[in-house]
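Here are my notes on this model. Please read them beside the structure.

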Amino acid sequence: MNSIHSMDSLTIGGHAFDSRLLIGTGKYPADDMIPTIIAASGSRIITVALRRVDFEATTDNVMQHIPDDMQLLPNTSGARNAQEAVRIARLARATGCGNWVKIEVIPDSKYLLPDGHETVRATEILVKEGFVVLPYINADPIVARQLEAAGAAAVMPLAAPIGTNRGLTTREMLQIIIDEIKVPVVVDAGLGKPSQACEAMEMGADACLVNTAIASAADPVAMAGAFAAAIRAGRDAWCAGPGAIRTSAAASSPLTGFLYEQE
Amino acid sequence: MDIQLNGQPTPVATGITIGDLIRKKGLDPATIVVEHNMAIIKAADLDQITLKEKDTLEILRFVGGG
């Protein structure tokens with residue numbers, strides 16, 4: 001139980017993974033720290049984005065920092081509707097990186113909230129084309145159910161808006177999704193501290209995706225390790241089955257044999 | 001002649017192939033994906049397609065993201 005990897009594996013799209021922490025590749029102080037972050041996190045699944053090549057900039061190729069044995073999860077960030085998400089997903093697959101895709105359809109630039117209807121439409125199309133689809137959604141149990149019916153391999157409800165580090169602001173709805181949805185639930189976006197990821201796992205989430213909280217930490221490598229430990233602890237606690245919550249006290253020590261006279 | 005390259009009007013030599021243009025830009029074809037007039041182009045076909053006036057070309061690559 002003390003190794004970096006969980007004992008029970010996470011299965012998505014027919015593949016088993018020995019880590020329940022998914023990580024991103026955005027916003028690190030330097031991309032060349034990504035291999036160290038991967039090692040510290042124990043993560044097996046990593047997100048990337050697809051963008052136009054900037055011919056003026058001598059940009060680094062992020063792929064050179066990602067080991068071949070990682071499951072790549074390209075996102076469709078930048079898509080504002082289903083059609084754009086499908087286009088990006090097809091382009092991502094054409095790179096030869098596999099058939100996984102994280103659907104992001106975001107028409108709102110202030111809160112970066114996803115469009116559930118368009119996300120369902122994109123998922124329906126891409127599942128039929130053989131993609132392993134992991135949609136990013138608001139913590140909406142109805143949208144989650146529609147995505148499950150559409151063949152999503154997992155659902156990824158947000159804890160709080162992307163990049164906010166605010167934690168489990170959607171706790172009540174997340175719990176309903178966790179309780180009702182049979183495909184893996186990956187809590188994505190807004191987790192700021194390991195304790196929040198731990199709580200999501202204690203609630204029964206199958207995994208967490210963390211980018212900003214690791215990338216924006218003073219020591220991203222140490223924070224990656226802290227998230228890994230928290231997610232492992234939370235998963236172990238959920239598997240162990242927390243005891244009942246009570247309103248009145250229940251003594252932990254015997255209520256007999258006290259060192260005073262009974263009246 | 002001008003093509004629309006990554007959203008920008010860009011002059012290119014008449015008769016240039018997509019493969020030529022990619023090499024001219026110093027890009028490794030293994031690190032990019034190309035869309036020509038909304039159709040995804042396989043790496044093996046990059047040298048077979050000659051660009052025409054007003055063609056739309058998108059050259060994309062993976063970057064860091066969450």
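How many residues of chain A are in contact with chain B?

1. Basis. This is a predicted model, in which local features need pLDDT of at least 70, side-chain atom pairs count only at pLDDT 80 or more, and totals for chains, interfaces and linings use all residues. Residues are numbered from 1 along each chain as its sequence is written, with chains lettered from A and ligands numbered from 1 in the order in which they are written.

2. Interface. 27 residues of chain A are in contact with 18 residues of chain B (contact: C-beta atoms, placed from the backbone, within 7 Å). β4(A) supplies the largest share of the chain A side, 6 residues. That side divides into 12 nonpolar, 10 polar and 5 charged residues (nonpolar: Ala, Val, Leu, Ile, Met, Phe, Trp, Tyr, Cys and Pro; charged: Asp, Glu, Lys and Arg; polar: the others, Gly among them).

3. Strand pairing. β4(A) runs antiparallel to β5(B), residues 56-64, over 5 bridges (strands are DSSP E runs of at least two residues, helices H or I runs of at least four, numbered from the N terminus; pairing needs at least two DSSP bridges). A:L50 stands opposite B:F62.

4. Helix α2(A). Buried here are A:A82, A:A85, A:V86, A:I88, A:A89, A:A92 and A:R93 (buried: 20 or more other C-beta atoms within 10 Å of the residue's own, C-beta atoms being placed from the backbone).

Technical notes:
Buried ≥ 20, exposed ≤ 12 C-beta atoms within 10 Å, placed from the backbone. Contact = placed C-beta atoms within 7 Å.
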